[in-house]
Every structure is written in structure tokens, then in C-alpha cells.
Amino acid sequence: MFVEELIIDGFKSYAARTHITGWDHEFNAITGLNGSGKSNILDAICFVLGIRNYKLLRANNMQDLIYKRGQAGITKASVTVVFRNNDRKTSPLGYEDCKQISLTRQLRFSLVMLY
């Protein structure tokens with residue numbers, strides 16, 4: 001399985017829904033100016049894969065994961081990763097026939113986690 005798409009919405013510095021596509025299955029690099037959110041892309045991937053310790057996501061508390069801590073009218077953070085599922089041998093059980101597998105994690109300002 002390989003990452004095909006990453007969708008970030010309201011997570012850390014990403015207020016607007018952001019689609020990142022065009023991932024290579026061998027090598028990827030995240031580049032940009034200082035403060036442009038490069039590290040937040042990696043934090044988003046860790047978040048959607050289930051890290052619960054907010055300190056590992058460079059946040060003081062869970063509210064720090066929502067854009068401007070919800071003060072900009074954004075009350076939830078959502079991250080979706082879409083995996084390309086080409087190889088039936090490495091597919092999760094029950095997903096062998098699926099071409100893509102999506103995983104979404106959402107945090108609402110009330111600190112409710114949804115998977």
C-alpha cells in the first residue's frame with residue numbers, strides 16, 4: 001500500500017481544505033518556506049494513523065490541533081489519508097478487492113475524537 005492522497009482540513013496551520021496528491025511510491029520530499037506548514041503535514045499523517053499523545057504532535061493540548069484553537073470559527077480538525085491498495089498480498093483482511101483504502105480521523109472543539 002502506498003499513500004495516494006492526503007486531505008487536511010482545519011488541522012494546525014491548515015484552515016482551508018487542502019488536498020495533497022501526486023505521491024511517489026519510492027521517494028517524497030516536503031519543501032517550502034519557513035512557517036509554511038511542512039512539519040504539520042507529517043503531524044497530520046501521525047494524527048490520522050492514531051497517535052494519541054498530543055505532545056508527539058508538537059501541541060500543548062488537543063485544542064492546539066484545531067486551526068487557531070477554534071478562535072477563527074473553525075471548530076474541527078479533520079485528516080484523511082487515502083492509500084493505493086494494489087497488492088492483494090499486503091492488503092488488510094477483508095480489503096483485498098478494494099483499490100483504495102481511506103482512513104479519516106476528526107477532532108471536534110468539544111474534544112470528541114471520531115475515526
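This report covers the overall fold of a predicted protein model and two of its residues, Arg 105 and Asn 85.

## Ground rules

The model is predicted, so local features need pLDDT of at least 70 and side-chain atom pairs count only at pLDDT 80 or more, while totals for chains, interfaces and linings use all residues. Residues are numbered from 1 along each chain as its sequence is written, and side-chain values use heavy atoms, without hydrogens and water.

## Overall fold

The protein has 1 helix and 5 strands. Helices (H or I, at least four residues) and strands (E, at least two) are DSSP runs, numbered from the N terminus. Starting at the N terminus, the order is β-β-α-β-β-β. The radius of gyration, taken over C-alpha atoms, is 15 Å. The C-alpha trace spans about 45 × 35 × 25 Å along its principal axes.

Contact means heavy atoms within 4.5 Å. Among contacts with a separation of 6 or more, 56% link residues 24 or more positions apart.

## Surface and burial

The accessible surface is about 7,300 Å², from the Shrake-Rupley method with a 1.4 Å probe; for residues, only the protein chains shown count as cover. Carbon and sulfur atoms hold 53% of that surface. Of the 115 residues, 32% are buried. Buried means under 20% relative accessible area, exposed over 50%, and partly exposed in between (1.4 Å probe, protein chains only).

## Arg 105

Arg 105 sits in strand S4, residues 100–108. Its relative accessibility is 0%, so Arg 105 counts as buried. The side chain of Arg 105 makes polar contacts with backbone oxygens: Phe 47 at 2.6 Å and Ile 51 at 2.8 Å. A polar contact is a pair of N or O atoms within 3.5 Å; within protein, one must be able to donate a hydrogen and the other to accept it, and residues adjacent in sequence count only if both atoms are side-chain atoms.

Gly 50 lies 55 residues from Arg 105 in sequence. In space, their C-alpha atoms are 8.0 Å apart.

## Asn 85

Asn 85 lies in the loop between strand S3 (76–84) and S4. Asn 85 is buried because its relative accessible area is 5%. Its side chain joins that of Ser 91 in a polar contact of 2.7 Å.

Leaving out residues up to four places away in sequence, Asn 85 touches several others, including Met 1, Tyr 95, Cys 98 and Ile 101.

Note on methods. Rg over C-alpha atoms; globule rule 2.2 N^0.38 Å.
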